[in-house]
Amino acid sequence: MNKLPVLITTDSVCDLPGQLTEQYHILVNPYYVVTEQGRFRDEIEVGSEDLVSYIRAGNFAKSQSPKVEEYEAFFASCVDQAETIIHIAMGRYASVGYDNATAAAAKFSNVRVFHSKHLSSSLGLIALYAAELAERMMDADTIIEKLEAYTDKVSSAFLLFDLEYMYRAKRLSRFVRNLSYRLLFRPVLYMKQGRIAVKKVMFGRWQPVVRKYVNHLLKHPRDIDTRRVFVTHVALEPDMLDMIKKEILRRVNFESIIFVDASAAISCNCGSGTVGVLFARKSEENGLQPQSNEPMAMLQRMDFLDWRTGMVYVADNAELYIEILQEYLADDKAVLLKTYLDEQNWNDYRVTVHALKSSSKTIGLNELSEEARLLEFACKDGDYAYVCDHHEEVMEHYHSYCRKIEAVIGRESV
């Protein structure tokens with residue numbers, strides 16, 4: 001049997017369809033899912049659909065990387081197939097898989113472990129690229145050199161519906177989880193240099209937020225590698241997937257849109273409803289970078305709002321605070337409030353002005369928050385004359401503050 005010059009291997013958290021791993025001859029080592037019933041091999045003994053149902057029933061599950069001896073057994077099963085094995089591992093700060101694989105590879109003279117700095121189908125994109133390079137008969141050193149450059153071109157951003165899963169898996173802090181519930185925002189988790197961080201937040205109902213997320217990621221279409229995009233998700237409904245496909249094609253004409261159910265090991269960390277639109281760029285990834293590298297300088301120019309109190313809500317994370325201000329501008333409630341006022345739809349008016357009260361308080365617009373509170377309580381008390389008399393004045397103040405914020409940080413467009 002002739003050996004391959006280079007064989008690419010990776011882990012089941014790559015979230016690649018079996019058809020692609022077979023086509024590119026990528027061998028996959030399973031991660032594990034640990035429950036009260038035992039330890040199960042990812043996608044072999046437990047799938048994401050069963051796992052989501054199990055967790056929804058109130059049970060706990062967590063992912064676990066293969067142990068060092070399990071990596072050793074996996075590499076031993078592959079070692080005779082190629083002159084060199086390059087194992088593409090998940091971001092090391094999201095899992096100990098990289099460290100365990102590296103320790104196991106030390107037992108072999110022809111196994112090298114590459115730190116992808118990514119997870120899920122973003123990891124899969126890197127494994128596919130490595131396999132394409134191997135098919136072109138490149139040597140291991142050249143492949144790794146090219147992979148180092150490629151990792152920074154991969155967009156790895158996930159929109160979360162429910163933060164409870166990641167909190168229970170100790171991948172997000174209690175603070176971020178509680179902040180999300182308090183402010184009703186959906187966080188975008190961004191993978192960079194192997195670390196997971198909240199780099200953007202989006203407010204509103206789920207379907208409009210998903211649409212906004214897709215359009216934000218694809219707002220620089222000329223810089224996108226259009227060969228393939230993965231839509232990797234946990235238990236999204238078909239109508240939502242169809243909407244995502246339409247939004248993607250409206251922005252970028254990808255040659256292939258690949259829908260993937262996230263593996264069980266990924267699903268138990270991020271939870272039902274999570275979605276990632278994952279692709280590569282032609283240049284270094286820039287889809288969700290902060291708009292300015294001087295967020296504190298911008299805040300210091302906004303003396304019209306109590307940003308110091310607002311920073312308390314985001315654990316003094318100035319970049320996240322700027323993102324919340326961006327969403328505050330984008331989520332203009334004036335049109336809805338005017339519609340409800342004209343229709344005398346006092347219940348929806350009360351709900352919407354309550355949201356304005358809360359979001360204004362959070363970003364430090366205390367005076368506007370108090371004005372909105374008075375409108376809300378007038379609705380509750382049936383004092384509609386007060387609402388009619390003061391609505392326009394409050395909206396003028398609202399738009400005045402929005403213009404001041406926009407003058408400092410700009411308004412992001414999608």
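**Notebook: strands and helices**

I began with a sheet: E4-E3-E5 is the order of its 3 strands, the sheet is open, and the pairing is antiparallel. I note here that the model is predicted. I then looked up the edges, which are strand E4 (38–41) and strand E5 (61–64), each pairing on one side only. From one strand to the next, the twist averages 30°.

Strand E3 (residues 32–35) runs antiparallel to E5, and 4 bridges join the two.

**Entry on a parallel pair**

I turned to strand E12 (residues 229–233) and strand E13 (residues 257–261), which run parallel and are joined by 5 bridges. Between E12 and E13 the chain passes through helix H10 (residues 238–251), and I recorded this β-α-β crossover as right-handed. Which residue of E13 is the bridge partner of His233? I found that the partner is Asp261.

**Entry on H14 and H16**

I then looked up helix packing. Two packed helices are described by the angle between their axes and the distance between the axes. For helix H14 (residues 318–330) and helix H16 (residues 346–363), the axes come within 10 Å and cross at roughly 150°. Angles over 145 degrees count as roughly antiparallel, so H14 is roughly antiparallel to H16. I noted that the crossing of H14 and H16 is left-handed.

I listed the residues that make this contact. H14 contributes Tyr321, Ile324, Leu325 and Tyr328, while H16 contributes Leu356, Ser359, Ser360, Thr362 and Ile363. Sorted by class, the contact of H14 with H16 has 6 nonpolar and 3 polar residues, and no charged ones.

**Entry on H14 and H18**

I followed H14 to a further neighbour, helix H18 (residues 384–409). The axes of H14 and H18 come within 10 Å and cross at roughly 135°. H14 and H18 are therefore oblique to each other. I recorded the crossing of H14 past H18 as left-handed.

Which residues make the contact between H14 and H18? From H14 I wrote down Ile322, Leu325, Gln326, Tyr328 and Leu329, and from H18 Tyr398, Cys402, Ile405, Glu406 and Ile409. In the contact of H14 with H18 I counted 8 nonpolar residues, 1 polar and 1 charged. I marked Leu325 and Tyr328 in my list, as H14 uses them in the contact with H16 and in the contact with H18.

Key:
Residues are numbered from 1 along each chain as its sequence is written. This is a predicted model: local features need pLDDT of at least 70, side-chain atom pairs count only at pLDDT 80 or more; totals for chains, interfaces and linings use all residues. Side-chain values use heavy atoms; hydrogens and water are left out. Two strands pair if DSSP finds at least two bridges between them. A crossover is right-handed if, with the strands pointing away from the viewer, the path from the first strand over the helix to the second runs clockwise. Axes are lines fitted to C-alpha atoms, for helices over the stretch in contact, and angles run from 0 to 180 degrees between N-to-C directions. Angles under 35 degrees count as roughly parallel, over 145 as roughly antiparallel, 65 to 115 as roughly perpendicular and the rest as oblique. A crossing is left-handed if the near helix is turned anticlockwise from the far one by less than a right angle, and right-handed if clockwise. Contact means heavy atoms within 4.5 Å. Ala, Val, Leu, Ile, Met, Phe, Trp, Tyr, Cys and Pro count as nonpolar, Asp, Glu, Lys and Arg as charged, and the others, Gly among them, as polar.
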